[in-house]
Amino acid sequence: MALLLLVVLCTRFKALALFDCLLVALVAGISVLVWRSAGNTGALNNDPIPGVSPNDVLCPLVTYLFIGFYAAFRHPVDTVRFEQARVLLTLVSFVVNVVTI
């Protein structure tokens, strides 16, 4: 999902090179995998709001943080577009966690 969004952004806005799109999508995917593995506890999986657990809400924050780590080591050419892509990927991470996981 993240890769598809980044490819669309890449072709439409020229925000990132294709290689960077692949790396950012990989980082976003790894962030979800790492958080879902580490945060898989009963307290975080209880749904105080029907259908939304604290684990679902915290995972996008981890995605946002991981993509920030990526940007710290591989500086984006267009920082404004990169931050827009970062926020969109954070929203995608939230939707994926609530809808599919």
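Among the contacts in the protein with a separation of 6 or more, 55% are accounted for by residues 24 or more positions apart, where contact means heavy atoms within 4.5 Å. This is a predicted model, in which local features need pLDDT of at least 70 and side-chain atom pairs count only at pLDDT 80 or more, while totals for chains, interfaces and linings use all residues. Residues are numbered from 1 along each chain as its sequence is written, and side-chain values use heavy atoms, with hydrogens and water left out.

Begin with the whole protein on screen, where you will find 5 helices and 0 strands; both kinds of element are DSSP runs numbered from the N terminus, helices being H or I with at least four residues and strands E with at least two. Of the 101 residues, 37% are buried, a word that stands for under 20% relative accessible area, with exposed for over 50% and partly exposed in between (1.4 Å probe, protein chains only).

Next, select helix α2 (residues 18–38) together with helix α5 (residues 79–99), which pack at an angle of about 40 degrees with their axes 11 Å apart. Here the axes are lines fitted to C-alpha atoms, for helices over the stretch in contact, and the angles run from 0 to 180 degrees between N-to-C directions. The pair α2 and α5 is therefore oblique, since angles under 35 degrees count as roughly parallel, over 145 as roughly antiparallel, 65 to 115 as roughly perpendicular and the rest as oblique.

Now show the side chains where these two helices meet: α2 contributes V24, V32 and R36 to the contact, and α5 contributes F82, L89, S93 and N97. These residues divide into 4 nonpolar, 2 polar and 1 charged, with Ala, Val, Leu, Ile, Met, Phe, Trp, Tyr, Cys and Pro counted as nonpolar, Asp, Glu, Lys and Arg as charged, and the others, Gly among them, as polar.

From that group, select N97 in helix α5, which is buried, with a relative accessible area of 0%. Not counting residues up to four places away in sequence, N97 touches V32, R36, D56 and C59.

Finally, move to T63 in helix α4 (residues 54–73), which counts as buried at 1% relative accessibility. Once its neighbours within four places in sequence are left aside, T63 is in contact with A28, S31, V32, L89 and S93.
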